[in-house]
Each structure stands twice: as C-alpha cells, then as structure tokens.
Amino acid sequence: MTEPAVSAEGLSKKYGDFQALQDVNLSVPAGTVLGLLGPNGAGKTTTVRILATLLTPDAGQATVAGQDVLRKPAEVRKRIGLTGQYAAVDARLTGRENIELIGVLLHLGRKAAKVRAAELLEQFELTDAADKLAKNYSGGMRRRLDLAASLVSRPPVLFLDEPTTGLDLTSRMTLWRMVKEQVDSGVTVLLTTQYLEEADQLANRVAVIDKGRLIAEGTPDELKRRVGGDRLEVSVTDTSDLAVVTTALASLSAEQPTVDQDSRTASIALSGGIKAIASISAELEAAGVEPLDFAVRRSSMDDVFLALTGHSSAASDDGDPQQQDLNANEKEAQSV
Amino acid sequence: MSEVITDSFALVGRQMRHIKRMPEQLIGLTILPVAFVVVFGYLFGSAMKVPGGQSYQEYIMAGIFAQVMLSTISTTAVGVAGDLSNGIVDRFRSLPISRTSVLLGRTMSDATLCTWSCAVMAVVGYGIGWRAHEGVLKTLAAFALLVLMGFTLSWFGALLGLVLRSPETVSAMSSIIVMPLAFLSNAFIPLDGLPYWLRTIAEWNPLSTVVSACRELFGNGTGATSDALPAQYPIPGAILLLGLMLAIFIPLASRAYQKAAAAR
C-alpha cells in the first residue's frame, strides 16, 4: 500500500573486532509499532542510533519517514523523536524549562514553545511537577518528561530505546498507556526492549535480535505459536497420581506429555480447546485424582525468547540457569 | 546563520539557569580567582622581586587573570562530558539544529563566566594595589583579550570532553594539561632565568603571549626583554595565536560532536 515509515536493508556495524550489527533488515509500516527485542548488547541501541542519524553504519541503507538516513540526515531529524536509554533530561532545569528549551531550539518561537510545553506536560501528567527541577523527579516522571521532550515537534516516527528499563510496574504501565496514545494518534513507533511483556503489550510486530542478527520476526502471537502455543499443565500432590494424569493427558495428542517428577507436574500442548480441558477434568475426577493445580499456560514471550536464542532474556533474572542450559542443548539438537 | 545565533543563545540561557540553580558553582568561580589573587599577589608578592624594579603585584595580575582563564578548559570539558554521558548530546543531535549552535552555546556561556571571574579579580586586585595605567579603552581591550582566550580554551575543552567522554577522565586529564601551560609561562615568573630551551618553549606558550599583551595594555611593564617574536609583538601575536587556535579547535570539536557517543 504505502511505503513503510521505517525501513532498513543490510545494516551492519562493527566496533573494532566486535560485530555489533550484521545484515539487519527491518520494515515498520506507518502507524504500527515494531518491538525490537533482545538481550543487552544484542545490537538494539546500535540499530536505533543508526536510524536516528546518530551513527553511520558500515554497510546498508535505511529510510525513515520517506527520507534517506545517510543522504538526508537533516530531513530525517525533522521527522523523528528519540527517547534514549537514559532519560535525557536536564536535571538542573524544571520539567517545563526542559520542554520549552526544545521548543525554542525547534524554532517554534518562545510563545508557541510555552504553549506546546504546557500541552505536553498536561498530556504526560506532569503539570503538578512542571516547575520542579527534573533532578527531583522519580524515575517514571523523568521517562515521561523525556518522552514528552521527544514529541515537541509532533514527529510522525518515534524511536524508543528501552523506554521503561529500571521502572517499577506501575510506572511502566503508565508509560505504556502513553505510548499507546501516541500510536492511536498515528505515530509509527520503533521500540527496543528487553522486556518480553513490553513487546507483547505494545508491539504489532516483534523482531528478535541476538548478537547483532535478526533471528525471528512476526506478530507476538505468531512467535508464540512457533514455540508451541498453549499448554495444559496439571500438578498433583502424590507421585502415584502423576501416572494417571500422564495417561489422561497422553490421550489429547500424539505427543508424549512432558513430566517433571520434582514438581509432580505433567503438561501437554493443548489443541482441543475447552472440550479437551473438560474431558481431562472429567477423567481425573473419575479416577479420584484431586489436582493441586490445573491450568492452561499460554506460552509467554519468554518462552519465545528462550526457544529462539537458547538463552533467557537478560531482564528476566529469575530464569533457572539449568533450564537455560537445557534449552541451549535443545537448540543445538534442533540445528544439527 | 541567524538560527545558529538564536539556538546558541537559547543554550546560553540553559547554562545561566544552571548557575542560578547551583549557586555553589558561582561561588567556585568567585572564590578560586580571589584566592589566586590573594595567594600569588599578596602573599608571594611580599617575598618576590621583579627585574626592572616594578611591584610584583603589578607584574603578577595579568598572569593571574590568564591562569584563571585556563580553568575554562576543565569547566567546558566536564560540562560537555556530562551532557554526553546523560544522553543530552544524543537528544540535541537527534533534533534538527546545527551542531555548531550546541557547542557555541556552551563555549559562549563559559566565556561569559570568564568575564565574571575577571571582574572579581580586578576588584580584589585593586584592593591589593594593582593598577592599570593606560586608560579605559586599553584596559577593556586587555579584558576582551582574556575573555577571547577563555572562549578559545573553552572550544579546546569541548574537544577534550567529546574525545575523553567520561567526566572522571576529563577532570583528571585537564589538570595534567593545565599545569604545564600555567607554569611553563611568564604568568608568575620572569623568563630571563630559565635555560634557553625551556625559555623558548615558555615564550611560545600562547599563555605567555596573552599575559605579555595584557601587561602592555595595562601598562604593567613586561618585566623582561626578549627577542622571541611573540614577546616582541605580544598584542598582534596574542590575537593571531588565539585566532589560529580557534581555527583548529572549532572544526575539530564540531567533528567530534558529530560522531559523539557516550562512553559505554
């Protein structure tokens, strides 16, 4: 239909011997959100810096809002907003002064800059704190101010580099809501994140990046389906009941149920929907087995990440290292 | 061009607000120069003799003025490295504003602070007996030269901050650079007693030239006879040297800014 708001072809970048980015292709249709998902050092920031004209790639080309990033960086800058990994606000200015300064630098004129600042402060729920120094802001408020500062010129394309890293859940949800408002008003967003949940919440499509390469792309649902979709998980109190559960689950699919003896849990890919759940439930009741837990587990983006990269995302540090090894082995087995 | 000026002034406004918010920075800019005048001019002056019989207070003031201008290197470098590490440089670079204005805003405001330091030192200097003898115009010209020197060194500081990137490295490095510049010059001592090679280096030190030019403009006597070119024509020499330095530092700093990235 129309050309994508952001597109990149064959982007590569080396820092000394370190290949930060290798042959990355991206395309973000106008008005949508692409989540660039990957662990620390995967190349997310490098990608954003190249697209935001801050860094020159060794190879490849890119256009943002119809302008060539390498040939017309000044035109690109007129059409983008960038929120970097740190909240790039001047701590020794007030929230209002921060936004007004950007407005003046964008040549809105002092009066218009004031009006625009008041508008953005209102929109990002910072009006009460507008005349406090930014150094006294909470982490979430700084991020909001940073986001507001990147929107002064009403750019059609917005780059968000790890916009909620280090924030608590409430602040993250507030920021997500505000990003969604921007998307609703037609802004195209490229978002990098290590939080799988964030990509799941905000992104129409997700590109998974690891060690400088794109390793998968699709909608969050497509990616989840790729690692097996929903699973029915049943755990019991007695080990003796586990065999009954396993047999019952085995009737659902040609596949053998996965059994974990330690947690006395058996699980299987769920294909039959609610009927399958009902039949298992009836079968267990007939056998007199009272499950400790009986749950449908949707595969999360974490599962996607593990399956694709062989290691857990850096942000989920509660990941069991043993399980990570297991997955790494699995991946090796698959690739052989 | 007019946009560069508007942008730069908006950024000067930002720096001035910083000063307002952190009066301790202004205290630093006031106490340090006062301390220099008192220590070098008053305390040392009681024990020093300058060839030619003039008072050490008269001789030393131009040196103290220039020495304090040197501290602009670290002021600017630390400020730029700070903006770099907290992402503000990235923000500015992602905006459609000229890269010159960001650095020009910074260097102009740091030069403004030089003006303040000069004013403070002039008052304290007057208190300990320093006088300018050549009239208002020449006195003002000397101060203008000092502020130009501050502005030039501020560009050097910007380059330093952009290249070294971390504020910690910057403060360590700038004192290493400032020390020899300050003391291998005629700021505090007449150069007559130095071995020939050392004396040549000191005579060609831009700081010496500016100091000699100021001494001439203040009518404080140059205190030394030398056949080195910058010592013979200190006023044009100083303007030429500072202009040359600006012609080198401005493009280098702008280039470094264009490629600037925070330390990882």
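Predicted model: local features only at pLDDT ≥ 70, side-chain atom pairs only at ≥ 80, totals over all residues.
Starting with chain A, the fold has 12 helices and 14 strands. Of the 336 residues in chain A, 49% are buried. Contacts in chain A also reach along the sequence: if one takes those between residues at least 6 apart, 65% join residues at least 24 apart.

Next comes the interface. Here 30 residues of chain A are in contact with 27 residues of chain B. Putting the two chains together buries about 2,600 Å², and carbon and sulfur atoms account for 58% of that area. On the chain B side, the residues that lose the most area to chain A are B:R21, B:R91 and B:P96, which together make up 26% of what that side buries.

Position 90 is worth a look in both chains. In chain B, B:D90 sits in helix 5, which covers residues 88-93. B:D90 counts as buried because its relative accessibility is 14%, under the 20% cut-off. Its side chain is joined to that of A:R49 by a polar contact of 2.6 Å. Leaving aside residues up to four places away in sequence, B:D90 touches A:R49, A:L54 and A:L82.

In chain A, A:D90 is found in a loop, the one between strand 6 (80-83) and helix 3 (95-105). With a relative accessibility of 5%, A:D90 is classed as buried too. A polar atom of the A:D90 side chain lies 3.0 Å from the backbone nitrogen of A:R92. Setting aside residues up to four places away in sequence, A:D90 touches A:N98 and A:A134 in chain A, along with B:R14, B:H18 and B:I88 across in chain B.

A:K14 makes for another kind of case. This lysine belongs to strand 1 of chain A, residues 6-15. A:K14 is partly exposed, since its relative accessible area is 42%, which falls between the 20% and 50% limits. Among residues beyond four places away in sequence, A:K14 touches A:Q19, A:A20 and A:D58. As for A:R96, 82 residues along the sequence from A:K14, the C-alpha to C-alpha distance between the two is 39 Å.

Turning to helix packing, one pair in chain A is made up of helix 9 (residues 239-250) and helix 10 (residues 273-286), which pack at an angle of about 150° with axes 10 Å apart. The crossing of these two chain A helices is right-handed. Helix 9 brings A:V245, A:A248 and A:L249 to the contact, where they meet A:I280, A:E283 and A:L284 of helix 10. Sorted by class, this contact has 5 nonpolar residues, 1 charged residue and no polar ones.

A pair in chain B involves helix 6 (residues 99-127) and helix 12 (residues 234-258), whose axes come within 10 Å and cross at roughly 115°. The crossing of helix 6 and helix 12 of chain B is right-handed. On helix 6 of chain B the contact is made by B:R99, B:V102 and B:L103, and on helix 12 by B:A253, B:S254, B:Y257 and B:Q258. The class count for this chain B contact comes to 4 nonpolar, 2 polar and 1 charged residues.

Technical notes: Residues numbered from 1 in each chain as written. Chains lettered and ligands numbered in written order. Heavy atoms only, no water. Axes fitted to C-alpha atoms, helices over the stretch in contact; angles between N-to-C directions. Helix = DSSP H or I, 4+ residues; strand = E, 2+ residues; numbered from the N terminus. Left-handed = near helix turned anticlockwise from the far one by under 90°. Contact = heavy atoms within 4.5 Å. Nonpolar A, V, L, I, M, F, W, Y, C, P; charged D, E, K, R; others polar. Buried < 20%, exposed > 50% of the residue type's maximum accessible area, 1.4 Å probe, protein only. Polar contact = N/O pair within 3.5 Å; in protein donor to acceptor, adjacent residues only side chain to side chain. Buried area = accessible area lost by both parts, 1.4 Å probe.
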